[in-house]
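Work through the exercises below with the coordinates open. Each task is followed by a stepwise solution.

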Amino acid sequence: MATESLTGEIYRLTPYPIEKAIDTMGAGDSYFATFLTYILRYKEPEFFKEESKDDGNVKELLKKAMQAGAEFASKICGVEGAFGYGTPIAGRIIDNRNN
């Protein structure tokens, strides 16, 4: 997993392990939503203005946001049907009420 900064630097992260992959639908959406939410949660709004100066912690913030996104996306892969709205696959019965 990797992301590129505005300066062209590429940050790499070892993929988060998945205990048992059942369905990958929604994993990418979950990753990106968590990635963005993490950044927005830990940065002041002024940071996102074009004239803002990097405070030196962007690299660490991106890595932590990537890790949070990967961790949540791996959990989504363990649920059949993204976000608990599964549909039967090849005759299997789905009951996500206890997940």
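## Exercise 1: An aromatic cluster

Phe-35 has a relative accessible area of 9%, so Phe-35 is buried. The model is a predicted one.

**Task.** Classify the ring pair of Tyr-31 and Phe-35, then find which residues the ring pairs link into a cluster.

**Solution.** 

Step 1. Count the pairs. A search of the whole structure gives 3 aromatic pairs.

Step 2. Take Tyr-31 and Phe-35. Their ring centres are 6.0 Å apart and the planes meet at 20°, so this pair is stacked. The cut-off for stacking is under 30 degrees.

Step 3. Tyr-31 and Phe-35 are 4 residues apart in helix H1, so about one helical turn separates them. Both Tyr-31 and Phe-35 are buried.

Step 4. Now take Phe-32 and Phe-35. This aromatic pair is stacked too, with 6.2 Å centre to centre and 15° between the planes. Phe-32 and Phe-35 are 3 residues apart in helix H1, again about one helical turn.

Step 5. Check the exposure of Phe-32. Its relative accessibility is 49%, so Phe-32 counts as partly exposed.

Step 6. Join the pairs. Tyr-31, Phe-32 and Phe-35 form a cluster linked by ring pairs.

## Exercise 2: A nonpolar patch

**Task.** Which residues make the nonpolar surface patch of about 300 Å²?

**Solution.** 

Step 1. Name the members. Phe-32, Leu-36 and Leu-40 make the patch.

Step 2. Patch residues need over 30% relative accessible area. Leu-40 has 56%, so Leu-40 is exposed.

Step 3. Locate Leu-40. Helix H1, residues 27-42, holds Leu-40.

Step 4. At 49% relative accessibility, Phe-32 is partly exposed. Phe-32 belongs to the patch and also to the aromatic cluster.

## Exercise 3: Glu-71 and its partners

**Task.** Which side chain meets that of Glu-71 in a salt bridge, and which side chain has a polar atom 2.7 Å from the backbone oxygen of Glu-71?

**Solution.** 

Step 1. Side chains of opposite charge can pair when their charged atoms come close.

Step 2. Find the bridge. The structure holds 1 salt bridge. Glu-71 and Lys-75 form a salt bridge through their side chains, at 3.9 Å from N to O. The limit is 4 Å.

Step 3. Check the spacing. Glu-71 and Lys-75 are both in helix H2, 4 residues apart, about one turn of the helix.

Step 4. Glu-71 has 29% relative accessibility, so Glu-71 counts as partly exposed.

Step 5. Turn to the backbone. A polar atom of the Ser-74 side chain lies 2.7 Å from the backbone oxygen of Glu-71.

Step 6. Describe Ser-74. Ser-74 sits in helix H2, residues 58-76. With 10% relative accessibility, Ser-74 counts as buried. Beyond residues up to four places away in sequence, Ser-74 touches Tyr-16, Pro-17 and Ile-18.

## Exercise 4: From helix to helix

**Task.** Which residues does Ala-68 contact, leaving aside its neighbours within four places in sequence?

**Solution.** 

Step 1. Ala-68 is in helix H2.

Step 2. List the contacts. Ala-68 is in contact with Thr-34 and Tyr-38.

Step 3. Compare sequence and space. Ala-68 and Thr-34 are 34 residues apart in sequence, yet 6.5 Å apart in space, C-alpha to C-alpha.

Step 4. Thr-37 is in helix H1. Thr-37 and Ala-68 are 31 residues apart in sequence and 9.6 Å apart in space, C-alpha to C-alpha. At 39% relative accessibility, Thr-37 is partly exposed.

## Exercise 5: A loop residue

**Task.** Is Asp-23 buried or exposed, and what does its side chain reach?

**Solution.** 

Step 1. Locate Asp-23. Asp-23 lies in the loop between strand E2 (10-12) and H1.

Step 2. Classify Asp-23. The relative accessibility is 17%, so Asp-23 counts as buried. The cut-off is under 20%.

Step 3. Find the partner. The Asp-23 side chain reaches the backbone nitrogen of Met-25 at 3.0 Å.

## Exercise 6: The whole chain

**Task.** What pattern does the protein follow along the sequence?

**Solution.** 

Step 1. Count the elements. There are 2 helices and 2 strands.

Step 2. Read them in order. The pattern is β-β-α-α.

Step 3. Of the 99 residues, 29% count as buried. The protein exposes about 7,500 Å², and carbon and sulfur atoms supply 55% of it.

Methods:
Residues are numbered from 1 along each chain as its sequence is written. This is a predicted model: local features need pLDDT of at least 70, side-chain atom pairs count only at pLDDT 80 or more; totals for chains, interfaces and linings use all residues. Side-chain values use heavy atoms; hydrogens and water are left out. Patches are made of residues with over 30% relative accessible area and no salt bridge: like charges are joined within 9 Å, nonpolar side chains (Val, Leu, Ile, Met, Phe, Trp, Tyr) within 5 Å. Accessible areas come from the Shrake-Rupley method with a 1.4 Å probe; for residues, only the protein chains shown count as cover. Buried means under 20% relative accessible area, exposed over 50%, partly exposed in between (1.4 Å probe, protein chains only). A polar contact is a pair of N or O atoms within 3.5 Å; within protein, one must be able to donate a hydrogen and the other to accept it, and residues adjacent in sequence count only if both atoms are side-chain atoms. Contact means heavy atoms within 4.5 Å. Rings of Phe, Tyr and Trp (its six-membered ring) pair if their centres lie within 6.5 Å; planes under 30 degrees apart count as stacked, over 60 as edge-to-face and the rest as tilted.
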